[in-house]
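Grab a pencil and keep the viewer open.

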Amino acid sequence: MPHSADAVSHPIGLWGVVAIGVGGMVGGGIFAVLGLSVQITKGAAPVAFLLAGLVALLTARSYALLSKSYPSRGGTVTFVNRAFGTGLFSGGINVLLWMSYIVMLALYSQAFGSYASSFLPPEIRSLGKHLLLTAAIVLITVLNIAGASTIARTERYVVAIKIAILVLFVVVGLAGVSAERLEPSQWSSPISIVAGGMIIFLAYEGFELIANTAEDVDDPGRTLTRAYYISVLFVIVLYVLVAVVSVGAVPLASLIDARDYALAEAARPALGAVGFTMIGIAAMLSTASAINATLYGSTRMIYVIAKSRELPAQLQRPIWNHPIEGLLITSGSTIVLANALDLNSISTMGSAGFLIIFAVVNAAEARTARQRGSTPWISILAATACAGALAALLAESTVGPATVLAVMVALSFGIEAAFRHFRGPAPQL
C-alpha cells in the first residue's frame, strides 16, 4: 500500500506522546515567566503556578474529551470545526492559531539563541545569537521532515535530559529553602496572586500539541487521554517545586533584578557557577524541545486547515509522503520574525492568542458535550478561566501589546475572509 500524508509506519507510544506534551510545556515558558511571576506574586509564586496549572488541567480535560470523539492530526482545528462548522469564525480562529504558533516559535528561537550565545565571546555574541537560532530552526525542521517516529525518539531523549537537570535543581535546592520566604506575610495581594497565576498560564500552553498526534498513535482515545493528564499533572508538580526552590532559596530582590534569567540565578546558592551553566544548558534544551514539539504539531494542524478549505489547497499536498509545504512556510516565517523583531511584547500577544483559542476549545467541548454525555458546566468554567487569564494578561500589558493582539486577530479573520471571497466557502463537515 502506498504511503500518504495521513499514514505513518511507526506509531508513537504513550511515553512518546507524553514527551511531546511535556516538551511543549517545559519549553521557553518557565525560563521566561519565572522572574515575572516573582515580581508580581512575590513569595506566592508557587501558589500562582498551582492556580495556572489548575486552569490548564481544566482545559486539558476538554482536549482529552474532544480528542477521543474527533481523533485527528488537526487537533484544535478539528475540534473548532466540528463544534462551530467550517465558517468564517472557525477559519479565523484556526488562522489565529497558526499565527500564534509562529510568534511562539520565534520567541522560543530567540530564547535558544540568547542562551546559546551566552557561551560565546562578547564581541561575537550578537552575530552568534542570530546564526545559532537560525541553525536550530533549520535542524529541527529537518528532524520533522524525517517523520513522526524520529520526532518522538528525539523528544524523549531531550525531555529526559532537561527534566533530569530541573529535578536535580529541585532536589539539591530544597535543602536551602527558607520557609520564612514562603509564608503568607511575604505574599502579594490576592488579586496580584490571581493575576500573576493567569500570566504564568503561558508556561502551560504546550499541552495542546498532544492532540495533533492522534493519527500517529494506536488507540488514540485511551493513549491521548492518559497523555494529557500525565503530562499536565507532572508539569504542575515540577513548576510548583521549581518556584518553591527559587523563591525559598534566593532573596526576592535578587530574583527580580535577574528576572530575565531568574531560574539560572536561583541555581547559584546550591550549585554555584556550575548550576548557572547547567540551567543555561537546560534552557537551550528546553527551547529546542519546544520548537521541535511545536513544529511537529503545526505541520499537522496546517494540513487539516487546508483540507477544510480554510487555507490554500497547496498546503495539504504531500511531499516525500509528508505535508511539508506548511512546515517550510512556518519555519521560514519563524526565521524572519526571530531575526528581525523584538518579541518581548509580541510574545505576550502570541500567548494571548492561545488563551483566546483555549477559551474557544473549552466552549467547543461544552457545545458538543451532549454527544458524548460529558458535563458541559466544567468546560464553561474552563472557558471562563481562560477569558480571565486573558483579561489579567492584558491588564499587565501596555497599549502596544494590546494593539498587536488586535492586529493579529484582525489579520487572522481578514486573511480568512479574503481567502473565502476568492475560493468560496468551506464545505460543512
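A residue counts as buried when its relative accessible area is under 20%, as exposed when it is over 50%, and as partly exposed in between. Keep in mind that this is a predicted model.

**Exercise 1.** Decide whether Arg61 is buried or exposed.

*Solution.* Start with the value: Arg61 has a relative accessibility of 14%. Next, hold that against the cut-off, which is under 20% for buried. So Arg61 counts as buried.

**Exercise 2.** Work out which side chain pairs with Arg61 in a salt bridge, and which helices the pair ties together.

*Solution.* First, a reminder: side chains of opposite charge can pair when their charged atoms come close. The cut-off to pass is a nitrogen-to-oxygen distance within 4 Å. Now look at Glu365: its side chain meets that of Arg61 at 3.8 Å, N to O, in a salt bridge. Glu365 sits in helix H14 (residues 344–367) and Arg61 in helix H3, so the pair ties together parts that are 304 residues apart in sequence. As for cover, Glu365 is buried, at a relative accessible area of 0%.

**Exercise 3.** Find how many salt bridges there are in total, and which residues form the network.

*Solution.* Take Glu365 again: it also forms a salt bridge with Arg372, where the closest N and O atoms are 2.8 Å apart. Then check the cover on Arg372, which is partly exposed at 23% relative accessibility. The count comes to two salt bridges. Put together, Arg61, Glu365 and Arg372 are linked in a network.

**Exercise 4.** Name the residues of the nonpolar surface patch and say which helix gives the most to it.

*Solution.* The patch is formed by Leu50, Leu51, Leu54 and Val194, with about 300 Å² of accessible area together. Helix H3 gives the most, with three residues. As one case to check, Leu51 lies in H3 and counts as partly exposed at 30% relative accessibility.

Definitions and conventions:
Residues numbered from 1 in each chain as written. Predicted model: local features only at pLDDT ≥ 70, side-chain atom pairs only at ≥ 80, totals over all residues. Heavy atoms only, no water. Patch = residues over 30% accessible without salt bridge, like charges linked within 9 Å, V, L, I, M, F, W, Y side chains within 5 Å. Areas by Shrake-Rupley, 256 points an atom, 1.4 Å probe, with all protein chains shown as cover. Helix = DSSP H or I, 4+ residues; strand = E, 2+ residues; numbered from the N terminus. Buried < 20%, exposed > 50% of the residue type's maximum accessible area, 1.4 Å probe, protein only.
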